[in-house]
Structure formats: C-alpha cells, structure tokens
Amino acid sequence: MVRRRIIHPVACVERGGEELATAESKPTASGSSKAAPRLAPFVRREWRTLVVVSVTGIAYNVGMVAGPWLEGLLAQRLADILAGHLAPQTMAPLACCYVAAIAGVQLMRFLKRLYVRKFANNVNRRMKRRLYQNLLVTSEEALEEEGAGSLMTKALSDVDDCVEGVRKFTTEIFDTGVVMVAYLVTMLAYDWRLTLLALLFPPVSYVLASRMRRPVTQATAAAKESVSAMASEALDRVEGATTYRAFGLERVRDESFERRLADYERKETRANVLSTALMPIYQAISLLGAGIVIVLGARDVMGSGWAAWDIAAFTTYFSVFGRLAVKSSHAGKLFNSVQRAQVSWERIRPYMGEAATPDGGRPVAPGELRATDLGFAFPGEGPLLSHVSLSARPGQVIAVTGEVASGKSTLGRLLCGELAATSGSVTLGGREVRDLVLARRPVACRLGHDPQLIDATVADNVLLGDDGDPRPDLEAACLLREVDAMPDGCDTRVGEGGAALSGGQRARLALARTYHFARPLVVLDDPFASVDMATEAQAVCNLAAIARSRGIVVVVISHRLLHFPQADGVLCLHDGTADFGTHDRLMADCPAYAKLYRMQARGVDLDASAQR
Ligand SMILES: Nc1ncnc2c1ncn2[C@@H]1O[C@H](COP(=O)(O)OP(=O)(O)OP(=O)(O)O)[C@@H](O)[C@H]1O
C-alpha cells in the first residue's frame with residue numbers, strides 16, 4: 001500500500017535510520033508526562049530576567065508621573081515669570097530637572113524593553129526546543145494525522161504567537177497596570193471627586209473589550225487553521241509538482257491553492273480587524289471623560305470647584321488624565337494578545353509536555369516472539385486482520401506473504417508495537433512489545449518501503465554517527481562489492497534521499513543500516529523488491545546467518561516466495577485471517593498460499609533455487 005508520509009530526517013538520524021517503533025499517541029499522552037503541560041514553567045525558568053524587568057518596569061512607569069508633574073511646575077513657573085513674580089533664570093534648574101527626569105525614565109524604558117525581549121527570546125527558544133524534541137518521538141501515525149502544514153505552522157508560528165502574547169502581557173503589566181495605578185493615585189490626590197466622575201468611562205471600554213474576547217478567539221483560531229491548510233496545500237503542490245505537470249493537473253491544483261489563499265486572506269483579515277481595529281473605539285470611549293475634566297477642572301482653578309487648583313495643577317491633572325485614558329484603552333489590546341496567545345498555546349499544548357528522550361531505554365534481551373490471536377481494524381473501518389498467531393524462537397526467520405492489501409505492512413507495524421492491536425497480544429521474551437515501546441525500550445526495528453537515506457556518505461548512512469566499521473553490514477546486505485567499485489568507496493556521497501544510487505542500492509544501503517542497529521525483533525518489509533534473484537539468494541542466506549549469530553527474530557514480508565521454503569516459519573494472510581506453519585504444511589493445508597507459491601513457481605526451478 002502506498003501512503004503519503006512525512007519525512008522527518010532528524011528523527012531518522014535519531015532513530016538509527018530505522019522506522020523505530022514508537023507510540024502512536026502524542027508524547028504527552030504516551031506516558032512521558034502525565035500532567036497536562038502548562039505554560040507557567042517555561043515563564044518561571046526566566047525569573048531572573050523577570051526580576052530585572054520588574055525593577056526597571058516599575059521605575060519607568062512610576063517615573064512617567066514625574067513628566068506631567070514637572071510639566072505643570074514648568075507651566076506655573078512660566079506664568080510666574082511672565083507675571084514678573086520670578087526672575088527668568090529660575091526656570092533653568094527646573095528645566096534641568098525635567099531633562100534629567102525624562103532621560104532617567106527613558107533609560108529605564110530602554111532597559112525594561114531589552115530585558116523583556118531577552119525574556120521572550122529565551123522562552124521562545126525553550127518552547128521550540130521542547131516542541132522539536134517531542135515531535136521527534138511522536139509516531140508517524142500521529143504526525144500524519146496532524147498534517148505537515150499544521151505541524152509547520154505549529155513549529156514556526158504558533159510558538160512565536162504564544163510567546164508574543166506572553167511578552168505583550170509582561171510589557172503591559174508594567175506599561176499599563178503599574179502606570180495606571182500611579183496615574184490614578186496622582187489624580188485622586190489632586191481631586192478625588194472629579195477623578196471618580198471622569199473615570200466612569202474607561203471601565204466601559206474594558207467591558208466592551210472583554211465582550212469581544214470570544215469573537216477574537218474564534219477568528220484567531222479560524223485564521224490559524226486556514227494558514228495550516230494553506231501550508232499543507234503548498235507542500236503538496238511542491239512535492240507533487242512533477243506528477244501534477246505530467247498529468248496536466250497543474251491548473252486544478254493552482255486553483256485549489258488560490259481558494260485556500262483567498263480563505264486565508266479572509267480569515268486573517270477578520271482576525272486582524274477584530275484584534276487591532278477596535279482599539280480606536282476603546283480609546284474614544286475612554287476619552288469621553290475629557291469634557292468633564294475641562295469643565296470641572298476649570299471650576300477648581302476659578303475657586304468654585306471641589307479643590308483649589310493653580311494652572312500647574314490643572315495642566316498636570318489634564319495631562320495625567322489623557323495618558324490614563326489612552327493607557328486604559330491598551331487593556332483591550334492586552335485582552336486580544338492574550339487571546340491570540342491562548343489559541344496558539346492550545347494548538348501546541350499536546351507537544352509541550354516533558355520531552356521524552358528518543359531511544360534512551362535499557363537494551364532488551366533477545367527472546368521468543370509470540371503473536372497470539374491478533375486482531376486489528378483502522379479507526380472507522382472494518383476488521384483488517386483477525387485471529388493472527390505466530391511464534392519464533394531467537395535466531396529464527398519468519399516469512400510473511402499474502403494478497404495485495406491483505407494487511408502485511410500493518411501486521412509488521414503491529415509486531416513492532418507501532419500500532420496497538422484491537423485484540424490479542426504480541427510479546428517478546430514474555431513481555432508485551434507495545435509496553436516496551438511505550439517505555440522507549442529499543443526492542444524492535446522495522447525497515448519500511450521508504451529507505452530514508454540522508455545526504456551524506458555511504459558510511460554515514462550505515463553508521464549515522466555511530467562508531468564502527470560499516471563494511472560487515474554492507475557485505476551482509478550484498479552491497480560491499482558495489483560500494484568498493486565507487487570512486488570514493490564508503491566515503492562516496494549518496495545525494496539527497498540516495499539520489500545517486502539505484503533503487504536496489506538504496507534498499508540494500510537501508511538494509512545495511514538496519515543490520516548495524518538490529519534489535520531483538522527486526523521486521524523487513526519487502527527488502528528485496530528491487531534486487532536480482534542471485535543477489536536476493538545471497539542476501540537471504542546472510543539474513544538467516546545474522547539472525548542465528550545474534551539470536552534475534554527476523555520477520556521478512558515479501559510478495560516473492562522464492563526463498564520461503566528456507567524460512568523457519570511462514571505466515572500467509574488471506575481473507576482477513578492467517579495461516580502459520582512451515583512452508584510444507586502451508587503447501588498442504590493452505591490453498592491460498594499453495595496457489596500463490598505455484599503461480600510464482602511457473603518457469604522457476606524453486607527447489608533448485610532454494611538449495612543454492
Ligand atoms: N493509516 C491507515 N488508515 C486507514 N487504512 C489504512 C491505513 N494504512 C493502511 N490502510 C489500509 O489497510 C489495508 C492494508 O494495508 P497494508 O499496507 O497493511 O497492506 P499490504 O498487504 O502490506 O499491502 P501491499 O501488498 O500493497 O504491500 C489497505 O486497504 C490500506 O488501504
């Protein structure tokens with residue numbers, strides 16, 4: 001069966017190039033971390049930076065009140081000088097104080113911004129590292145379900161959006177929260193009755209902003225989904241460019257991409273409008289109190305109000321009120337950025353649990369493989385396999401065959417613990433393989449249809465950074481003679497995905513790597529599909545020798561039955577069930593197997609080939 005798969009080369013390197021059996025659930029659900037991941041620990045790790053942010057943030061924002069206060073004094077001093085009550089030179093010390101205060105406040109602002117950025121960068125780096133580590137140990141099944149576009153969006157933009165929300169929140173705590181308290185206290189000190197009246201309006205803008213939370217969240221989530229779908233579409237278009245061109249489907253695919261693009265534009269525009277364009281409305285509402293301040297403040301200056309003000313007091317009060325009104329409208333901005341961050345966090349949350357270390361478990365000793373009464377069905381589909389049983393002692397080779405799409409590859413994945421059986425069990429040495437896999441113990445490896453070669457040398461592709469000599473493994477895979485004939489031998493580069501090799505060479509190079517990292521259970525899914533018969537005969541011989549010498553169980557899945565008589569056991573899948581036994585018994589008792597074998601036997605002297 002051919003299915004589109006996500007290539008994750010780093011995972012391939014980490015997993016020894018084999019399709020290492022992993023949990024199909026996401027890391028957090030697979031036992032590495034039971035508690036739901038939380039954002040707070042990522043933030044808490046940066047407590048030192050946050051202390052600097054707090055000190056500079058409070059100094060900056062409290063210092064902000066000094067500006068309007070000194071401006072009031074300057075206005076009053078100017079009035080006194082113009083009235084002849086004071087000499088002009090008395091302005092100089094006050095002006096110096098003003099400049100020094102502004103400079104000090106701006107210095108604090110610079111430091112606060114610097115450390116907020118540092119804080120955000122560190123949180124971002126830590127979250128991306130965690131996401132990356134968890135993606136590495138997530139099963140292909142889960143990755144495919146998620147979709148490549150969605151994963152790219154999560155890795156690249158959701159973490160950024162989430163951290164940006166945290167950064168804005170941290171910034172606004174000081175730039176909005178602390179400074180508003182400082183402004184409020186100042187205004188209450190000047191005239192508390194006027195202050196209470198003038199500040200009736202900002203709460204209206206808070207209420208409106210909080211009412212808008214749900215639409216903002218929904219619009220943001222819709223925009224995120226749309227960008228993921230667009231990324232998937234673009235990836236698919238690039239990956240399948242040659243195919244679409246060859247089959248004249250380019251226009252259809254381009255139109256489909258255009259539709260995705262239009263959908264993205266619409267949803268992103270709506271999300272942006274809701275999260276940013278409402279700001280002026282919040283501001284206008286907050287500023288409605290300005291009229292009250294002008295009328296009642298003028299009465300204070302005239303001596304008929306609730307307080308006795310001079311021009312300095314009026315100037316300071318009006319300036320502080322204006323700043324407070326503008327700041328209070330920022331609360332809406334704060335809600336919106338927090339909403340956006342929440343949406344992103346929910347999307348990446350499943351991948352943010354304690355990172356599981358790939359392949360970190362203790363080795364598993366070789367043992368008997370026993371599959372008992374296995375049954376399996378893909379979600380929402382009818383049973384694919386039922387009542388499948390087999391067993392193999394250490395050192396034995398089991399051959400598996402069956403009709404097309406009878407579930408051979410699926411059985412290989414079940415044996416390796418990559419998929420959870422619907423019923424029955426698979427044990428190795430008496431322990432459930434899937435439990436060992438979920439505990440990240442290196443129990444099984446599977447060589448699938450895709451060799452997953454890296455753009456490096458032949459030796460690198462076998463060893464993947466491991467110490468050792470690749471030659472014995474290359475020889476066992478019947479590739480050494482061809483590698484020795486290459487210009488640089490084992491140091492020959494194979495190109496991206498092994499582009500410089502033939503299909504058969506690619507398959508055998510991946511086989512050599514599987515031998516190098518062999519586990520107690522090795523499943524080879526159609527490993528000799530692209531090699532000639534003589535090479536296949538030698539490779540099968542070597543495979544049996546490796547199984548015996550290392551005491552491992554090897555399961556070979558193949559459509560080619562030429563060498564099945566040499567296997568220690570044969571499993572034939574047919575009609576949703578299976579027959580297991582020796583080649584001779586199946587020839588006698590399993591008509592489906594006998595038919596397949598005889599069909600291939602036509603024109604081939606099988607007995608002679610098998611004895612070679
Ligand atoms: N992830 C999946 N979700 C749903 N159905 C799937 C999935 N993977 C495989 N199948 C279906 O399960 C059936 C068996 O697939 P499988 O690859 O195991 O068969 P196979 O015997 O190895 O095929 P082939 O002979 O072509 O190599 C197919 O009908 C396939 O479409």
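Trainee: What should I know before I start?

Mentor: Residue numbers run from 1 along each chain as its sequence is written. This is a predicted model, where local features need pLDDT of at least 70, side-chain atom pairs count only at pLDDT 80 or more, and totals for chains, interfaces and linings use all residues.

Trainee: What does the chain average in pLDDT?

Mentor: pLDDT is the predictor's confidence in each residue, from 0 to 100. Here the chain averages 83, and 90% of the residues score at least 70. For the complex, the predictor gives an ipTM of 0.96 and a pTM of 0.61.

Trainee: Where is confidence lowest, and where is it highest?

Mentor: Helices (H or I, at least four residues) and strands (E, at least two) are DSSP runs, numbered from the N terminus. The lowest confidence is in helix α1 (residues 9-14), with a mean of 30, and the highest is in strand β8 (residues 553-557), at 96.

Trainee: At what angle do α3 and α5 pack?

Mentor: Axes are lines fitted to C-alpha atoms, for helices over the stretch in contact, and angles run from 0 to 180 degrees between N-to-C directions. Helix α3 (residues 47-63) packs on helix α5 (residues 91-136) at about 150 degrees, with the axes 8 Å apart. That makes the two roughly antiparallel (the label for angles over 145 degrees). The crossing is left-handed, meaning that the near helix is turned anticlockwise from the far one by less than a right angle.

Trainee: Which residue classes make up that contact?

Mentor: Two residues are in contact if their C-beta atoms, placed from the backbone, lie within 7 Å. Among those meeting are Leu50 and Val53 in α3 and Met108 and Phe119 in α5. By class, the contact of α3 with α5 has 12 nonpolar, six polar and three charged residues. Ala, Val, Leu, Ile, Met, Phe, Trp, Tyr, Cys and Pro count as nonpolar, Asp, Glu, Lys and Arg as charged, and the others, Gly among them, as polar.

Trainee: How do α9 and α13 cross?

Mentor: The axes of helix α9 (residues 202-211) and helix α13 (residues 279-286) come within 7 Å and cross at roughly 155 degrees, so these helices are roughly antiparallel too. Their contact includes Leu208 of α9 and Tyr282 of α13. Its residues divide into six nonpolar, two polar and no charged.

Notes
Parallel < 35°, antiparallel > 145°, perpendicular 65-115°, else oblique.
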